[in-house]
Amino acid sequence: MNPQRPSGMPYQKYLPAHERVEIPLTDRTWPARRLTQAPLWVSEDLRDGNQALAEPMDVPRKRRMFDLLVGMGFKEIVIGFPAASRTDFGFVRHLAAGGAVPEDVTVSVLTAARADLIEQTFAAVEGLPRVIVHLYTPTAPVWREVVLGRERAEVHAMIRQVAARMARLAGEGTRFEFSPEVFNLTEPDFALEVCNGLTELWDASPDRPVIHNLPATVEISSPNVYADQIEYMHRHLERRDAVVLSVHPHNDRGTGVACAELAMLAGAQRVEGCLFGNGERTGNVDLVTLALNLYSQGVDPMLDFSDIDAVRRTVEECIRLPVHPRHPYGGELVYTAFSGTHQDAIGKGLARAGEDSHWSVPYLPIDPSDVGRAYEAVIRVNSQSGKGGIAYLLREHYGLELPEERRADFARVVQAAADDSGLELTPEDLRKLYHATYQA
Ligand SMILES: CC(=O)SCCNC(=O)CCNC(=O)[C@H](O)C(C)(C)COP(=O)(O)OP(=O)(O)OC[C@H]1O[C@@H](n2cnc3c(N)ncnc32)[C@H](O)[C@@H]1OP(=O)(O)O
Ligand SMILES: CC(C)C(=O)C(=O)O
């Protein structure tokens, strides 16, 4: 029996996704697929991440972030919205001045569909040898009506006019990207019509492909619905080999990572997101989690997280926001167990870790040392802990083998001390307590 009662909250105000937009696909194939390689990762830290900050990054912080991204192995990096501010424009010019952009890295800039912004954007990227100019326009019905006050055909005409202007301004190393804003709320036939039109207008080819980026600008549904929307586009986009299908999930429902993963199953080749999920509102999809989720499946993430704490520190300094201690893979506490039965299992697993050809330590999805974490922090003791964890810490820190017959007794002593103080006991506290209990 379920004893729950109505909340009294006005849930009737909201429509489910399938009443807001047509979901076109029923014969989906993505559920049967597997992820076997990393997508092309695109960092949005310097644009979508930056526009979400109370204090946007200045040029030195942007440069630090840029160098971090290059060092980690990103090959496409969004460097800003140059028409937004003097700082954004200045940073693009700073990079164009030379030296910082390696030959295998392509930078990208975002612009809205306005002639003045387009002119400023192209002025900013002058001299950059490889650049993606990314155009976005509202295409979803509410955005068309509320933001632009235009009908579908008028919006389409506006997009084509601006895209033609971009084609005229583009230099040799310029490529194009388009985002129908709030793709996941846009009528599927309209998204397709606009994207296919731009593929043709920009004369995309396999050696100069267009990027069609299909953002879940605001999440509206469970991730399977987004995957259906992506597979529909994947199957119907024209000149498919001249199109890079990109996704750009946000995290309003807390399912940005799941959306990106299912979208990759559904045909997405490229993923835009931010480190540790920074970005507008609840953030852009978190590239750390996505990449290390692949790693935990035996897939090379193609990004270097071997010192994840250094990555986290740099991000925290650049964006001036903390990463949550429980953030997947990078949070301070994510390889730590306080609870007794988990500690017992981890301790036993670590003791035989060398014997297996693959990682199989209970409760640790990856080996903390792979991301630069020490084993010392894995087990910590408080009132939730048991004899296994206590014995582990005394052994690891002091080479002190807790005799079998004392384990249960000493665990009771430790528990009483932790209960009395309500605090964690350090290895040094445990050692002192041990000596006080058995050697006094
Ligand atoms: C989902 C995303 O993340 S999209 C990226 C969002 N990022 C940003 O907005 C950061 C940078 N933006 C800015 O610096 C400024 O907004 C600017 C420079 C682009 C424009 O500034 P302003 O001219 O002051 O206009 P404002 O910021 O109010 O923008 C709203 C106007 O742009 C229009 N607009 C909104 N999106 C678009 C678009 N993609 N293409 C064309 N016009 C657009 C709106 O209809 C509105 O026009 P109106 O004034 O005729 O009603
Ligand atoms: C400009 C686009 C890609 C965007 O940021 C979004 O829709 O979230």
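Student: Is Arg168 buried or exposed?
Tutor: This is a predicted model, in which local features need pLDDT of at least 70, side-chain atom pairs count only at pLDDT 80 or more, and totals for chains, interfaces and linings use all residues. Residues are numbered from 1 along each chain as its sequence is written, chains are lettered from A and ligands numbered from 1 in the order in which they are written, and side-chain values use heavy atoms, with hydrogens and water left out. Buried means under 20% relative accessible area, exposed over 50% and partly exposed in between, with a 1.4 Å probe and protein chains only. Because its relative accessible area is 63%, Arg168 is exposed.

Student: In which helix does Arg168 lie?
Tutor: Helices (H or I, at least four residues) and strands (E, at least two) are DSSP runs, numbered from the N terminus. The run of residues 152-169 holds Arg168, and this is helix 7.

Student: Which strands each supply at least two residues of the shell around ligand 2?
Tutor: A residue counts as near the ligand if one of its heavy atoms lies within 4 Å of it, and the residues around ligand 2 include Tyr136, Ser179 and Pro215. The strands in question span 131-138, 174-181 and 210-216, and they are strand 4, strand 5 and strand 6.

Student: How far from an oxygen atom of ligand 2 does a polar side-chain atom of Thr217 lie?
Tutor: A polar contact is a pair of N or O atoms within 3.5 Å. For His248 the separation from a ligand 2 oxygen is 3.1 Å, and for His250 it is 3.1 Å. For Thr217, the distance is 2.6 Å.

Conventions:
A polar contact is a pair of N or O atoms within 3.5 Å; within protein, one must be able to donate a hydrogen and the other to accept it, and residues adjacent in sequence count only if both atoms are side-chain atoms.
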